[in-house]
Structures are given as structure tokens and as C-alpha cells.
Amino acid sequence: MDVRAKVFAEYQSVEELRELLDKFRGERLLHIGSGSNLLFTGDFNGVVLHSAMRRARCTNEDAEYVWIEADNGLVLDELIDQLCDMGISGLENLSYIPGEVGASAVQNVGAYGVEAKDVIDSVRALKISDGTERIFTNAECKYGYRDSIFKNDLRGLYVITHVTYKLNKHFEPKLDYGNLRSEVDEHPTPMAVREAVIQIRKQKLPEVSELGSAGSFFKNPIVPHEVYNNIAARYDRVPHFEQDGGIKIPAAWLIEQCGWKGKSLGGARCYEKQPLVLVNAGNATPDDIINLAAAICADVKEQFNITINPEVNYI
Ligand SMILES: Cc1cc2nc3c(=O)[nH]c(=O)nc-3n(C[C@H](O)[C@H](O)[C@H](O)COP(=O)(O)OP(=O)(O)OC[C@H]3O[C@@H](n4cnc5c(N)ncnc54)[C@H](O)[C@@H]3O)c2cc1C
């Protein structure tokens with residue numbers, strides 16, 4: 001999106017972050033990572049903060065586990081590459097998800113049957129209002145599907161500065177999701193799983209460097225059994241997954257049934273290989289994306305009586 005912020009400020013240390021928070025007190029603040037889950041709906045009349053802290057260190061170890069603390073600004077995929085290279089497992093299924101460590105703990109990113117919450121031990125954060133530090137245990141982060149306390153009760157109140165992962169030294173590959181198992185040997189290494197995940201993702205998802213997108217635009221809805229039964233009576237082979245509290249139906253399937261796959265509205269397009277992704281086909285304005293998302297939502301509501309909600313953060 002061709003949008004501007006009043007100020008963009010980057011810091012190299014927690015002390016510098018404290019100084020910036022003091023300096024810009026009273027301004028509208030937005031801390032970003034790579035911006036891969038954001039939709040700027042227009043210019044941002046405030047201060048955009050970004051971390052240039054990009055290291056990781058081992059803070060503890062026992063016979064079974066290793067604790068790795070990573071800085072918020074480290075690219076998550078770089079961390080995963082380094083860990084797989086050392087044979088340390090737990091994050092490999094999250095390979096190639098765009099974005100940085102700090103945001104991954106806000107978003108509880110997930111892919112191929114693994115979520116960040118499965119391996120996050122704790123999160124260190126600074127309170128924006130007074131610069132005090134607090135450590136959140138995994139339970140205190142209140143993780144859910146692409147959700148955490150940082151998106152709800154504490155939205156905009158803390159900057160996550162570090163994330164500590166508790167990773168297993170003994171590799172137990174998680175291969176049950178999709179076609180992952182068929183892409184690796186019987187006894188794969190963490191790096192082999194990482195490479196398989198990357199290969200699969202490259203076939204389905206647009207490269208961020210080539211085609212602007214925010215990844216999956218909508219969350220997959222979880223519907224009551226009667227809503228699912230109603231749809232299953234009308235359509236052949238409805239993909240679905242039993243969940244606590246109902247049945248999850250892939251939003252991509254609902255969108256495809258509504259005929260949106262590959263279609264454009266203004267400069268925005270519903271991606272032809274994965275209809276859950278909305279892309280900037282070249283010259284999209286924020287309104288193009290907003291209008292396309294709204295039109296898709298309205299059609300899904302009309303055809304299935306299901307409300308799909310955006311995963312993307314509208315700013
Ligand atoms: C092609 C593509 C594929 C994707 N695939 C997946 C996928 O498979 N699974 C998945 O879960 N997601 C996926 N995503 C979404 C995205 O990668 C994740 O949401 C990621 O965590 C965003 O990271 P980011 O650094 O870009 O965060 P941003 O988009 O910059 O920020 C996301 C949110 O976190 C907040 N935030 C950022 N840093 C901090 C901090 N340090 N402290 C407090 N708040 C902060 C921001 O204010 C914002 O609300 C995909 C996106 C794209 C473009």
C-alpha cells in the first residue's frame with residue numbers, strides 16, 4: 001500500500017526503546033514487525049516503532065530441553081533456520097511464515113499442525129505507559145487460534161521485546177497435517193521437515209517479495225454442528241475438522257464456492273492458487289482491498305449464513 005507514517009523510529013536496545021517511548025509519549029504509537037499481517041487503511045498519523053534487535057541466545061538447558069531467548073526483531077524464519085541447522089526442533093513446521101519473533105508471539109502463528117504457543121515458554125515485554133518490564137508465562141499470554149492477550153485485553157499496551165522458546169532436544173516430527181508426511185523420509189531431520197514445509201508453501205502462497213499480501217486474510221470459522229449439517233446436505237464433500245465448540249470449515253473452501261477464486265476488484269485480487277489470500281495485483285489502494293474483503297464476506301454470509309472474520313490487522 002502506498003501509505004505513509006508521520007514518524008518511523010527504530011531501536012537497537014531495550015534502553016533505546018524506553019527512550020523512544022518517553023520521547024513520543026502522547027503520540028499515537030504502533031509497533032510493527034515486518035508488516036506482513038497489517039493492512040494500512042490510509043496514512044498513519046503517528047509513530048511507527050520497529051526493533052533492530054536481532055539476536056538469539058541459549059539461556060538454559062537440561063537433558064531434555066533447551067531454552068532459547070530470541071530478540072523481537074529477529075526474522076522468525078532465520079531463527080528457525082539456525083535452530084534446524086543445530087538439530088534443535090520444535091519450530092520447523094512454522095518455516096517460511098513471514099514476520100519477526102515479537103509479532104509471532106502476539107499472533108500465535110501456526111502452520112502444519114504446530115502453533116507458536118506449543119513451544120513458547122515465556123514472553124518479556126515493556127509496558128508502553130511507564131517502561132516497566134514484565135515477564136508473561138505461556139499461560140498468562142492466553143493463547144488461542146491466532147490469538148493472545150496482546151490482541152485483546154492488552155492490545156497496544158505492551159511491546160514484546162524477547163520471546164523464550166522451550167525446545168525439545170529429542171526430535172519428534174509432527175507430520176500429520178496435510179501432505180507433509182509424504183514429502184519426507186521415514187526418519188527425517190528437523191532441517192528435512194523445514195525444507196519440505198518450504199517447498200509446499202512455495203507452491204501455494206505468493207512470495208512476499210513479488211506480490212503484496214497479508215497471508216490468510218480471514219480466519220477459518222468454527223460453526224455449530226447444525227450449520228455444518230445444513231451445508232453438508234447441500235454440497236458434496238465439505239472439508240471440515242471437529243474442534244472444541246463446533247466444526248471448523250476452511251474459509252478458503254467457502255470463498256471458492258462463492259466463485260471468488262482468481263477474481264479481482266479494482267487492483268485487489270483473490271489469489272488464484274489460494275483464495276484465502278488477497279493480493280495487491282499491482283496498484284491496489286487500501287480501499288480496493290477493503291472492498292474486496294467486504295464483498296467476499298457478504299457473499300459467504302449470503303450463501304452459507306456464516307460470518308468470516310479477518311485475521312489481518314486493519315490499521
Ligand atoms: C504470504 C504470507 C503467508 C503467511 N502465512 C502464515 C501462516 O502460515 N500462519 C500464520 O499464522 N500467519 C501467516 N501469515 C501472517 C503473518 O506472517 C504473521 O501474522 C506474522 O506473525 C506477522 O509478523 P510481522 O512481523 O510481519 O508482524 P506485523 O504484521 O508487523 O504485526 C502484527 C501484529 O503484531 C503487533 N506487533 C508486532 N511486533 C510487536 C511487538 N514486538 N510487540 C507487540 N506487538 C507487536 C503489530 O502491532 C500487529 O498488531 C502469513 C503472511 C503472509 C504475507
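With 5 residues, α3 makes the greatest contribution to the shell around the ligand (shell residues have a heavy atom within 4 Å of the ligand; helices, H or I of at least four residues, and strands, E of at least two, are DSSP runs numbered from the N terminus). The model is predicted, with local features requiring pLDDT of at least 70 and side-chain atom pairs pLDDT 80 or more, whereas totals for chains, interfaces and linings use all residues. Residues are numbered from 1 along each chain as its sequence is written, and side-chain values use heavy atoms, without hydrogens and water.

Of the 33 residues around the ligand, the nearest are H31, G33, S36, N37 and P98. Polar contacts (pairs of N or O atoms within 3.5 Å) to ligand oxygen atoms involve a backbone N or O atom of G33 at 2.7 Å, a polar backbone atom of S34 at 2.8 Å and a polar side-chain atom of Q107 at 3.0 Å. On its own the ligand has 990 Å² of accessible area, of which the protein covers 93% (Shrake-Rupley method, 1.4 Å probe).

The second largest pocket holds about 460 Å³ of space. A pocket is an open set of points on a 1 Å grid over the protein atoms alone, where a 1.4 Å probe fits, with protein on both sides within 12 Å along at least five of seven lines; lining residues have an atom within 4 Å of a point. The volume is the space filled by probe spheres set on the points. Its lining comprises 23 residues, with M1, G35, L38, L39 and F40 nearest the centre. The largest share of this lining, 3 residues, is supplied by β12.

Technical notes. Polar contact = N/O pair within 3.5 Å; in protein donor to acceptor, adjacent residues only side chain to side chain.
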